[in-house]
Amino acid sequence: MVSMDMYLEALRVRLEQLYSKENTKIQEAARLCYECIQRGGVIQVFGSGHSIGFGMELIGRVGSLIPIHMIDTSDFVLRGLVSYADYKDPTHIFERREGIAERLFKLYTIHEEDLFIIISNSGINGVVIDMAITATQKGHTLIVITSLEHTLAEDSRHPSGKKLYELADLVIDNCGPMGDALLAIDENTKICSLSSITGAFIAQMITTECVDRFLVNGLEPPILMNEDTLEAMTHNQAILQRYDTRI
């Protein structure tokens, strides 16, 4: 038998483990993000599959940092570079392909001072590893968020044999189990995944610690405000215009 109470308890254990084990690394990620923004950079966030949720957690909502851009493989379809049928081909899964990151990179206005955060629970698929290789070769600092338990248990699907965490300047372990699901319903089957929740938790902790560095230094953090007043609307537009086509 399983229940929501069992999931809540399993989730609580994992979140406490994450906070305890990765606290210092999350603070370091926040420092790197703060320094990136201070030097005029944008935080470039990339995940594939369910990992796109990390970028969605970070951007475009009240209280989020504005200088963040989400790289999205679906932009190939939106810009007419790949057909929808090819993008959704179940026999040639897009997120497992290699050789497309350089093309994806060129879709955006990316500056040398930008920082990259790449998220993948398994950390073994072609597109995220290609993006990591491309970003590091171009001199960008790279933060990786992955499940070390999962990635260490499987072989890389990339021709280089590399896994995502091996390319990072900083690795944050989401402390998720192999396969991501938490609750066993029999000896072969588990339900209730974890990485979306731990990803959101990590994203908001990085935001909190990054904003704190602005406040400690007497600076106004570039936060998206609720546009319920003219002052808030003016605030948002001024910051958005500063980054123009970059976000």
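## Overall packing, cores and surface

In this predicted model, residues 24 or more positions apart account for 77% of the contacts with a separation of 6 or more. The secondary structure consists of 9 helices and 7 strands. With a radius of gyration of 19 Å, close to the 18 Å that the globule rule gives for 247 residues, the protein is as compact as a globular protein of that length. The C-alpha trace spans about 55 × 45 × 30 Å along its principal axes.

Turning to the interior, 49% of the 247 residues are buried. In soluble globular proteins, nonpolar side chains tend to be buried together. Here the largest nonpolar core has 42 residues, and the members that touch the most others are Ile43, Phe54 and Ile117. H1 supplies the largest share of this core, 12 residues. A separate core of 26 residues lies apart from it and includes Phe105, Leu107, Val127 and Leu167.

Ile117 can be followed residue by residue. Neighbours within four places in sequence aside, Ile117 is in contact with Cys33, Ile43, Gln44, Val45, Phe46, Phe54, Ile143 and Ile145.

Val2, Met6 and Ile185 form a nonpolar surface patch of about 230 Å². Of these, Met6 belongs to helix H1, which covers residues 4–38. Why does Met6 count as partly exposed? Its relative accessible area is 38%, and partly exposed is the class between buried, under 20%, and exposed, over 50%.

Notes. Residues are numbered from 1 along each chain as its sequence is written. This is a predicted model: local features need pLDDT of at least 70, side-chain atom pairs count only at pLDDT 80 or more; totals for chains, interfaces and linings use all residues. Side-chain values use heavy atoms; hydrogens and water are left out. Patches are made of residues with over 30% relative accessible area and no salt bridge: like charges are joined within 9 Å, nonpolar side chains (Val, Leu, Ile, Met, Phe, Trp, Tyr) within 5 Å. Accessible areas come from the Shrake-Rupley method with a 1.4 Å probe; for residues, only the protein chains shown count as cover. A salt bridge is a side-chain nitrogen of Lys or Arg within 4 Å of a carboxyl oxygen of Asp or Glu. Helices (H or I, at least four residues) and strands (E, at least two) are DSSP runs, numbered from the N terminus. Buried means under 20% relative accessible area, exposed over 50%, partly exposed in between (1.4 Å probe, protein chains only). A nonpolar core is a set of buried Ala, Val, Leu, Ile, Met, Phe, Trp, Tyr and Cys residues joined through side-chain atoms within 4.5 Å. Contact means heavy atoms within 4.5 Å. The radius of gyration is taken over C-alpha atoms; the globule rule is 2.2 Å times the number of residues to the power 0.38.
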